[in-house]
There are 2 protein chains.
Amino acid sequence: MKFGLFHSVQLPDPSEQERYYREALDQVLHAERMGYSSVWFTEHHFTRHGIVSATTSVLAYLAGVTDTIRLGTAVTVLPFHNPVQLAEQTATVDVLSNGRLDLGVGRGYQWGEFHRMGIPMDEASRRFEESMEVLTCAWTSIEPFDHRGEFWSFNDLTVLPRPVQQPHPPVYVAASGADSVARVVRNDWNLLIGQGETYGQVAGQIEFYQDALAEAEADYTPRRVVVARAMYAAPTTEQARREAEVPFMWFKQTGQEVSAPPGQRVDLLPDEYAAYRSRYSPDARFDYSAMCENVMLFGSPDDIAERIGRLRDSGVENLIFFVNFGGIEHQRVLDSLELFAAEVMPQFTD
Amino acid sequence: MKFGLFHSVQLPDPSEQERYYREALDQVLHAERMGYSSVWFTEHHFTRHGIVSATTSVLAYLAGVTDTIRLGTAVTVLPFHNPVQLAEQTATVDVLSNGRLDLGVGRGYQWGEFHRMGIPMDEASRRFEESMEVLTCAWTSIEPFDHRGEFWSFNDLTVLPRPVQQPHPPVYVAASGADSVARVVRNDWNLLIGQGETYGQVAGQIEFYQDALAEAEADYTPRRVVVARAMYAAPTTEQARREAEVPFMWFKQTGQEVSAPPGQRVDLLPDEYAAYRSRYSPDARFDYSAMCENVMLFGSPDDIAERIGRLRDSGVENLIFFVNFGGIEHQRVLDSLELFAAEVMPQFTD
């Protein structure tokens, strides 16, 4: 199996932006040294729930300071981007990293981001389709091409630089239902499964995927499926769950608020760190214990290994870990990554 | 005085994209070690005349592999960018570089790039104005802002991350005529003078600038003016001019063709390297000798020092050198930078 990071930077304390960035990037360097094979950065806009808004720029930075770790987006929200400029930005990262880019894409789900960006959310699917078409063409066309679409027009162009990976960097698409998973297979994309799905849902989606492949008479290639999962390892499961709870629930609650429609949305920016964090109480909204059982990998090395064994039995061979949630202390993240690398990783990579 | 690089990557040989990128980036690392204080990358699209199309991504990469050199764009073509995303990308570079970003902006002049991007060139000035307004607001607003413009609409947003430099990274605007230079002063921007101007024109533009400052009852601050200049140093002026001629004229001619309207434009992409380079002959179109006298800094250290002395007498204290033109051999660029750093730089920085 392969293990990577599903990474982001959040801003619980508005005065600590640079420190959060520095620590998140430092975690990637440590992860590379410890044997993690990829890092996938999210894209978020306009709120403290996620302050990596220029994802390809962050990957370009990492291209310079890392050697082997693969650099991904998870996900780039296609409706937000000029597809030709996205082709330029991603090809540039592919050049700067010598072919280490993986591009995860999605149509977007956060009402607040669409609204603020001035893009009607009901255009999301159509924008996704058009952008994917232009992006693929822009990456691969040797001869100049034209495009006349609903949202974009381009004339007689060839994009430079070209990606190093041929015909283009691998594309991963987040999908969950049977139909959307079948669409992934039909387009020969790779499959990304989100960190919010339960173990049961992950297994179900991989079944959809295998069914669609069988229908297309194609083989199941486990490396083409990437599953994200929050992970925190500590000597005991009790300690892991206790230490992860407040920062992880800050992340969950702010995410809920960002994606909710206007009436239900809480503006995250004006709040003070301590005040915001203290709002979380164990009985509110989400059932942390149930999520620990069914979703996250918060536990002792043995506990986590047992759960990963089950994921592997479902067909998962490529796990990416969300480890830097809600302003959790940097040293704890490093210790957790180290503990996993020392005690769990060898059980699955030999 | 301060000396930097006005940098780009061109693609004379289409099969050598990665090598050109690698060498250009390597030149920046060498320049930093030699005492050059800034590097400013161009933005170009769709032709071999310039293959840095995702300029802020390249600067993000350099943020990771350099320590002190300032990182600039010269220039970012505002009409091509979503101004909120540009605010995100530039603030990200500012965070990743710990406050080393300089943003040069322009309204664009290349017919081919506007046409291919699907943006009417007659909108360039209006798009520039609107983007500059949104960009400034996006960098500096603590409270959410709305924007309803001719080209863009945004709602209730605050951009994250914030720039490290406060209130925002320095903005440089390319301007030449008295009116446009006065506009730079009126907006409290910094002034960028292009590499194509003769020594006489540079002096004239600085006079315009000083006049406008006097009218505004402001002082002349030489560090707020940056002048770009092609530079190539060799032991003798004859050798410098001989070695620079073919690659520099490749650059000049392709630039001409990219910015010309359709009838006059030659498509650069299908040509072979050797065939294209051989098209240049000394009697064609541009007068290389006259340009060597009046525009470029191609010469021996003494010759270059004498010319820089004249520029300093005009009020120039911030020169950035275009050194990586038309596929010129990497080692020659390094030798030229080294010779300048050893023999000319000390005369002006003590």
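Reply: Count a salt bridge when a side-chain nitrogen of Lys or Arg lies within 4 Å of a carboxyl oxygen of Asp or Glu. By that rule, the structure holds 29 salt bridges over all chains. This is a predicted model: local features need pLDDT of at least 70, side-chain atom pairs need pLDDT 80 or more, and totals for chains, interfaces and linings use all residues. Residues are numbered from 1 along each chain as its sequence is written, chains are lettered from A and ligands numbered from 1 in the order written, and side-chain values use heavy atoms, without hydrogens and water.

Me: Which residue forms a salt bridge with Glu129(A)?

Reply: Arg183(A) does, with the closest N and O atoms 2.7 Å apart. Helices (H or I, at least four residues) and strands (E, at least two) are DSSP runs, numbered from the N terminus. Glu129(A) sits in helix α5 (residues 124-140) of chain A and Arg183(A) in helix α6 (residues 178-186), so the pair ties together parts 54 residues apart in sequence.

Me: How many salt bridges does the rule find across the interface of chain B and chain A?

Reply: One. Arg116(B) pairs with Asp156(A), and the closest N and O atoms are 4.0 Å apart. The rule for polar contacts is a pair of N or O atoms within 3.5 Å; within protein, one must be able to donate a hydrogen and the other to accept it, and sequence neighbours count only if both atoms are side-chain atoms. Across this interface, 14 residue pairs are in polar contact, both residues at pLDDT 80 or more.

Me: Which elements of chain B supply at least two residues of the side that touches chain A?

Reply: They are α1 (17-34), α2 (55-65), α3 (83-96), α4 (111-117) and β6 (153-157). The largest share, eight residues, comes from α2(B). By class, the side of chain B that touches chain A has 24 nonpolar, 16 polar and eight charged residues. Nonpolar means Ala, Val, Leu, Ile, Met, Phe, Trp, Tyr, Cys and Pro; charged means Asp, Glu, Lys and Arg; the others, Gly among them, are polar.

Me: How much area do chain B and chain A bury between them?

Reply: The size of an interface is often given as the accessible area lost when the parts come together. The loss is taken with a 1.4 Å probe and summed over both parts. Here it is about 4000 Å², 58% of it on carbon and sulfur atoms. The contact (heavy atoms within 4.5 Å) takes 48 residues from chain B and 48 residues from chain A.

Me: Where is Pro161(A) found?

Reply: Pro161(A) is in the loop between β6 (153-157) and β7 (171-174) of chain A. A cis peptide bond joins Leu160(A) to Pro161(A), with omega about 0°. In chain B, a cis peptide bond joins Leu160(B) and Pro161(B).

Methods. Buried area = accessible area lost by both parts, 1.4 Å probe.
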